[in-house]
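Please consider the protein shown below.

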Amino acid sequence: MGRSISVGMSASIRDSEGQKVKDPKTFDLTDASQISATHTAEFKKRPFGVLAYAPSTSGKGAYIVNMNEKSRYPGDPQGQAWTGGARKGYVIKTVGGTDVSNWEFWDIMDLVDDKILDNSAGKFQTDAKGAMGNKPADLPLTIEYAQLKADEAERAAAAEESKTYVDREDPRYADLPPDAKLVEYKIPPAPATYTSKTVEDMRGYVASLPEPVGYVGPRYAGPASINKDFIDQMLSNARQGKLLPMKDAYRMAIDVFDILKQEKTLGRVQVPEGKKVTVVGDLHGQLYDFSHMLSLAGYPSPDNTFVFNGDFVDRGPWSVEVMFALLAFKLWHPQNVFMNRGNHESELANHFYGFFGEIQVKYEKKMCDVFAEIFRATPLAHVLNNEVFVVHGGIPGPDPRIWWKGIDNQVGFDGRAIQISLAEIENCNRFMEPNPAENPLMVDLLWSDPKGKDGYGPSGRMSEGIYLFGPDVSKNFMQYNNLKMTIRSHEVKAQGYRYDHEGQYPVITIFSAPNYVDKAGNKAAVAVLTNTGGTLQGPEFIQFAAQPHPDVPSGAYSAGGPLHPDTQRSTVAR
Ligand SMILES: [Mn+2]
């Protein structure tokens, strides 16, 4: 198939990185009969995640010979190609609408410019190597890839190899591409008790820490030492850049861990008649907005139970202060303060998006470990008075899970024949990091988003294994579990809240970080439900706008951010 005629040339075929191409391809995209399908990917940032392209043996065209086959974290620029559905062997057909099928390899490369950033120069590829002298195309950039018919046999064999436990003859899967994977919906069982060696080892260390010298402010001496004055002083100190002493901070964190690990994966919140419950959405370390919210909604108390619905930390540069305020609330009123884990309560997110960098700067690196344990112990959902389901992301995804490449907003499939019960969520093991292969239920609860059309669809938030759910899906879940409403967070909304699914079984998003990342321009809100006559009424929304804050930008402690310890070290080293 062309290989014999290219033997003489193959020795000279090199990829865009100058490496010899072992098994060069011969193709001509101007011949439509060579193409079996096309895939369009949109790129917003450089680099895209393609590590090398190679030309056809003719020296024309460009196909992917090497790429990152995953996204390392949400929004990873180097996962864009993979997330967008590009795969090894795909050939570039159009770039920004221009058909390059018949172009010389380097003319295409100059346009695509998908190189790792050269840190010393602070630039991407700048020297045009092609005769046309092309400059890199502007972002966002749409690239259309063609799949070669000649590669099909290879792919079919790979699809055959991939383990499937369900019947591919099932008519529900008739339209799936051959390389789609069907993955079992496993729910790992929760352990009877959980102990953390990390935390056990830490107790002696904390006891040995010195008492603070010259500190003026509240001291933590067990949960009974927390009262309104403690919180007032702690928040006022925090706004002035003063932290709790290291020893006290560790003790509070460990005491909260000891409470959380005893809670269920799905917690039950009882709101007595005449009392209210306030649900707070994403906070993301925006201390000045958080403190303003408390001035409007009040502090948690037996009259006003709070559910903090995840994403307490990351991005905002006061994640440490916000987190310790939550810990203080939990210790003060453990039966009236509840926390749901968000997708940012994970080691991977905290590593990249600022919380761990901030802890290292404000306290010490070792303290990251206790927060990783706290987040693994944090429940995934709460139910208010057997009526309202509260969760950070969304409801259970399809079973089996269908993984296929790319994002397609038009896809809607009826993917769940058997509903997941609240008891199954309650008995699910949460003491782990989110991972769709090990614990799909946890990933659905933390990561999914509602969509307008019925059915499930793939979400673009990660490379694969995350879903959007339509109004029929949320209705079926609530109906099955005798719930009347779902409150979730996880997405910025202009008004701070939004009825994403309306009708008898609403899904409401609540987001409590105004002008998110100092840029979004959104209002924030919290949701208040009151038990009147034995049922929860509302929600009513308390809306609020962004407050002035000191000049520390969002993302300051993120990996690569100006205040991240590694950035600081490299600056000093120069
Ligand atoms: Mn989130």
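The account below begins with confidence and then turns to individual elements.

This is a predicted model. The protein averages a pLDDT of 89, and 88% of the residues score at least 70. Two stretches call for caution. Over residues 1-10 the pLDDT is below 50, and this stretch has 8 contacts in the model beyond near neighbours in sequence. Over residues 161-166 the pLDDT is likewise below 50, with 7 contacts beyond near neighbours in sequence. Where pLDDT is low, the predicted coordinates should not be read in detail.

Among the helices, α7 spans residues 246-260 and contains Val256. Val256 counts as buried because 27 other C-beta atoms lie within 10 Å, the threshold being 20 or more. Which residues does Val256 contact, once neighbours within four places in sequence are left aside? They are Leu327, Lys330, Leu331 and Ile374.

Helix α11, covering residues 355-362, is mostly covered, with 6 of its 8 residues buried. The buried residues of α11 are Phe355, Phe356, Gly357, Glu358, Ile359 and Lys362.

The model also holds an open sheet of 3 strands, arranged in the order β15-β17-β16 with mixed pairing. Strands β15 (449-450) and β16 (456-458) form the edges, each pairing on one side only. Strand β17, residues 467-469, pairs with β16 in the antiparallel sense over 3 bridges. Within the sheet, Pro458 stands opposite Tyr467 of β17.

Definitions and conventions. Residues are numbered from 1 along each chain as its sequence is written. This is a predicted model: local features need pLDDT of at least 70, side-chain atom pairs count only at pLDDT 80 or more; totals for chains, interfaces and linings use all residues. pLDDT is the predictor's confidence in each residue, from 0 to 100. Two residues are in contact if their C-beta atoms, placed from the backbone, lie within 7 Å. A residue is buried if 20 or more other C-beta atoms lie within 10 Å of its own, exposed if 12 or fewer, and partly exposed in between; C-beta atoms are placed from the backbone. Helices (H or I, at least four residues) and strands (E, at least two) are DSSP runs, numbered from the N terminus. Two strands pair if DSSP finds at least two bridges between them.
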